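Work through the exercises below with the sequence and the 3D view at hand. Each task is followed by a solution in steps.

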Amino acid sequence: MATQKKDYSYLDKIALQADKWDELNKNELQVMAFRTCFLYGESRNKNIIPVLFRMFEYLIENTTSEERTKLLTALSSVIRKNNPKAIMALFPFIQVETDGQIVRTASQFFINLSVLSNKEFHSGTNILLELIKDAPEDRNSAYIILGLTDIENEKINQMLRAVKPQLGNEVISILHNNGVQF
C-alpha cells in the first residue's frame with residue numbers, strides 16, 4: 001500500500017514570516033529549512049540569502065548537530081538525484097553552521113556535487129577558496145579546508161597551499177589539531 005506524501009507547501013509562506021517559526025514543530029522547521037535551501041540552490045536568488053541565513057541560525061538554535069547532519073545528507077542526496085546544479089543549497093551548512101564537522105562534511109559534498117554539475121572539481125573548489133580568502137581568520141574556514149583535504153586530491157592541496165599564508169592563528173591551530181599541515 002502506497003503512503004501518501006504530506007503536503008508541506010504551506011511552509012513556503014511561513015519561511016518568510018520569522019515571527020511564526022516558533023509555532024512550527026521540529027519536523028516542520030527542518031522541512032521548511034530543507035525546502036528553502038533547495039529553492040535557493042535552484043534559483044540562486046540572492047534576495048533569499050538573508051532569510052535563509054536567519055532561518056539557518058534559528059535551525060541551529062532548535063535542532064541538534066545530528067539532526068542537521070541528517071538534513072545535510074538528505075539535501076545532498078536530493079541535489080545529486082534531482083538537480084546537481086543546485087549545489088548552492090549547501091551554503092548555509094558551510095557559512096552559517098557552527099558545528100565544524102558539519103561544515104567539513106558540507107564542504108566535501110559541495111566539491112563532489114560540483115563535479116556532477118560542472119564535470120570538474122575546480123569550480124566548486126574555487127568557490128570554497130574564495131570563502132576562505134574572504135574570511136581567513138574565521139574558524140569555518142578551517143573546517144572548509146579540512147573538508148577539502150579529506151578529498152585527498154593533489155590539485156586541491158596545491159590550491160590550498162596558495163592560501164596558507166593568509167590564514168589566521170585560530171584556523172592554523174584547528175588545522176594543526178586535526179593533523180593537517182600543507
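The model is predicted, so local features need pLDDT of at least 70, side-chain atom pairs count only at pLDDT 80 or more, and totals for chains, interfaces and linings use all residues. Residues are numbered from 1 along each chain as its sequence is written, and side-chain values use heavy atoms, with hydrogens and water left out.

**Exercise 1.** Describe the second largest pocket by volume and lining.

Step 1. On a 1 Å grid over the protein atoms alone, a pocket is an open set of points where a 1.4 Å probe fits, with protein on both sides within 12 Å along at least five of seven lines; lining residues have an atom within 4 Å of a point.

Step 2. The space in the second largest pocket is about 160 Å³, a volume being the space filled by probe spheres set on the grid points, which are joined across faces, edges and corners.

Step 3. Its lining consists of Asp12, Ala15, Leu16, Arg35, Thr36, Leu39, Ile48 and Val51.

Step 4. Helix H2 (residues 26-43) gives the largest share of this lining, three residues. Helices are DSSP runs (H or I, at least four residues) numbered from the N terminus.

**Exercise 2.** Where is Glu97, and is Glu97 buried or exposed?

Step 1. Find the loop between helix H5 (91-95) and helix H6 (100-118); Glu97 lies there.

Step 2. The relative accessible area of Glu97 is 1%, so Glu97 is buried (buried is under 20%, exposed over 50%, partly exposed in between, with a 1.4 Å probe and protein chains only).

Step 3. Leaving aside neighbours within four places in sequence, Glu97 is in contact (heavy atoms within 4.5 Å) with residues including Phe56, Arg68 and Asn140.

Step 4. A polar atom of the Glu97 side chain lies 2.9 Å from the backbone nitrogen of Asp99.

**Exercise 3.** Which residues have a positive phi of about 55 degrees although they are not glycines, and how accessible are they?

Step 1. Arg44 has such a phi. Arg44 is placed in the loop between H2 and helix H3 (49-62).

Step 2. Arg44 has 41% relative accessibility and therefore counts as partly exposed.

Step 3. Glu152 also has a positive phi of about 55 degrees without being a glycine. Glu152 lies in the loop between helix H8 (139-150) and helix H9 (154-163).

Step 4. Glu152 has 70% relative accessibility and therefore counts as exposed.

Conventions. Helix = DSSP H or I, 4+ residues; strand = E, 2+ residues; numbered from the N terminus. Polar contact = N/O pair within 3.5 Å; in protein donor to acceptor, adjacent residues only side chain to side chain.
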